[in-house]
Amino acid sequence: MSISATAAPSNPDQGGHHAPQGMTRLAIGAIGVVFGDIGTSPLYALKETFAGHHKLAVDQLHVFGIMSLVFWTMTLIVTLKYVLVILRADNRGEGGSLSLLAMISRLSDHSVQRARLLGLLGVLATALFIGDCIITPAISVLSAVEGITVVNPAFGQYVLPAAVGILIGLFLLQSRGSAKVGALFAPIMLVYFVVIAVMGISQIMRNPAIFEAINPIWAVRFFTDNPALGFLALGSVVLSVTGAEALYADMGHFGRKPIQRSWLWFVMPALLLNYFGQSAMILGSPDAVSNPFFLMAPDWARLPLVGLATMATVIASQAVISGAFSVVQQAVQLGFLPRIKITHTSASAAGQIYIPLVNWALLATVVLLVLSFKSSSNLASAYGIAVTGNMFITTLMMAVLVLTVWKWNRWLSYGFVGTFVIIDAAYFASNMTKVPDGGWFPLLVGAIAFTFLTTWAKGRSLMQERLRDSAMPMDVFIKSAASAATRVPGTAVFMTTSPTGVPQALLHNLKHNKVLHERIMILTVVIDEVPYVSDEDRIGVKDLGGNFYRIMVRYGFMQELDIPAVLKKVENCGPKLKMMETSFFLSRQTLLASDRPGMALWREHLFAWMMRNAESAMDFFKLPTNRVVELGSQVEI
């Protein structure tokens, strides 16, 4: 699962119809961004299946059996499940686990318990994706750089330093944005896919019988020959479809049809030709199983191939890093993470963002991972658990989607979803055998991320509940204290998360300063479960009387927040707002951990720490620095 920020500006209407020229441009752009991860899987997938931790004999039964599994895995999971079905589940043009969760929550009726379970599934998928974000750049770049050992084994000593150097350079460039570099992605990936297809064809021509592996009977024979070994092999076979989530997650940037066309008519044929070519080659030269991708090329072409493959893996890594930024932004907007500093690197493309905290955390963990595991083969033991876990969760969410939102025929739904539950569960179970050899790493990262995401969401809910319980009704306040207080010129904007009651900052201001401004705006920012909210639906104003106004400002979870810009457009609440005559009042809560029912004490302390380290509301909402007043209060949760 990745959401790239290297593409053209997102469009909320991009789910479906494009002009022919636009469709072609988007399809080519998708090749450069969406398919980087799955496109670089031939570098290590077949190698790990035969020469990895559970070695297989290089004979007709095993080669045909594995190739049959690769073909049908790609056909069923990527083509049928993702390209033809899941891509139809667009939340106003956007895709991805959190977007799917928001859409199902919005369009279907569920009990509180079911909604909570569904929310946990979406959060768990996000947590596993974060673990995947660390491993993908490490294994992709390392597997490409290892190609130099095929050119000359003596170059092996330079693999780790070169891989670490490339990764550090990649993360250092993130703050500059990816728009200019992104323009080169599509041409490079087009060349890459053409090259790997040609390499595959050259080997297939020597042994065209390899196409017999399309018959699924070979997969059946492979399993019946040695069921235990067949089960373990699934953990490596699934590496051929890592990155399938990106097809869905990147839909907001390119649209459904361009991604479908790119996959069906270009990317999938290129990948399958390469896999069939690798299989044909190792049947004739079993020793080539040590690194079949690079050994397919003639001697003179291997060094240029290493360069091309390295560029392709950098592009795949860039897409994953950009995806991490976008997912974290969605998590912040949807209330699963505290406010974090987000820098927009393009004035024209809202999707191009940079999050320093995420960038440096990823860099540190990716470099640590490379130095700890030392080779792509060792990393392959850690890879796959997060991917298959994510796929399994997507299938469970798809079950809710087809039954409650799309309302498919019940038996068709059961048959379709049941098939993929079995397939995904088998791959996930096989990958769980990797836990002792490194699979614990993505699970650990996922568990930490899951704890942070759920602790913030639960703590935020408890805090808002406590504040609501102690809030004074607005009409009572206006009739009593407000009518007797001295009014001073200007406008005061009190920001609050609650759409009812009196904000804590307003009560404290009156208590300590003994005055109220001539015009009072109670402002609540609401993040809807859609990626975009139009300007027409952005602002809602309610006149409360006594020159008090309650203003609701709505944003989509993919939109940048700018409160001063919105307030300039507010109407029906007196004279037009002037920033130099406006003061913004913010509440800053100090949390007191207690034994009251709600969360475990250690989670309350974690929530309090996250709140203390959140980005200030002033910066997050782009409030003018010289017009903000913060008033503190203490809250027990």
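A residue is called buried when its relative accessible area is under 20%, exposed when it is over 50%, and partly exposed in between, with a 1.4 Å probe and protein chains only. The structure shown here is a predicted model, in which local features need pLDDT of at least 70 and side-chain atom pairs count only at pLDDT 80 or more, while totals for chains, interfaces and linings use all residues. Residues are numbered from 1 along each chain as its sequence is written, and side-chain values use heavy atoms, with hydrogens and water left out.

The overall form of the chain comes before its details. The protein chain contains 26 helices and eight strands; helices (H or I, at least four residues) and strands (E, at least two) are DSSP runs, numbered from the N terminus. Its C-alpha trace spans about 95 × 50 × 50 Å along the principal axes. The radius of gyration is taken over C-alpha atoms, and the globule rule is 2.2 Å times the number of residues to the power 0.38. For 637 residues, a compact globule would have a radius near 26 Å, and the value of 27 Å for the protein chain agrees with this.

Contact means heavy atoms within 4.5 Å. Of the contacts in the protein chain with a separation of 6 or more, 83% are between residues 24 or more positions apart. Buried residues make up 58% of the 637 residues. The accessible surface, found by the Shrake-Rupley method with a 1.4 Å probe and, for residues, with only the protein chains shown as cover, comes to about 25,400 Å², and 61% of it belongs to carbon and sulfur atoms.

The buried residues are S97, L98, S99, L100, L101, A102, M103 and I104.

Aromatic side chains form another theme. A pair of aromatic rings is described by the distance of the centres and the angle of the planes. Rings of Phe, Tyr and Trp (its six-membered ring) pair if their centres lie within 6.5 Å; planes under 30 degrees apart count as stacked, over 60 as edge-to-face and the rest as tilted. The whole structure holds 22 aromatic pairs. In one of them, the rings of F71 and F276 have centres 6.3 Å apart and planes at 50 degrees, so this pair is tilted. Because F71 lies in helix α4 (residues 60-85) and F276 in helix α14 (residues 256-284), the pair ties together parts that are 205 residues apart in sequence. Both F71 and F276 are buried.

A second pair, F477 and F548, is edge-to-face, with 6.2 Å from centre to centre and 80 degrees between the planes. F477 belongs to helix α22 (residues 474-484) and F548 to strand β6 (residues 548-555), so parts that are 71 residues apart in sequence are tied together. F477 is buried, with a relative accessible area of 1%, and F548 counts as buried at 0%. Ring pairs also link F71, W72, F211 and F276 into a cluster.

N547 lies in the loop between β5 (539-545) and β6, and its phi is near 65 degrees, a positive value in a residue other than glycine. N547 is partly exposed, with a relative accessible area of 30%. N572, in the loop between α24 (563-567) and β7 (582-592), has a positive phi of about 65 degrees although it is not a glycine. At 70% relative accessibility, N572 counts as exposed.
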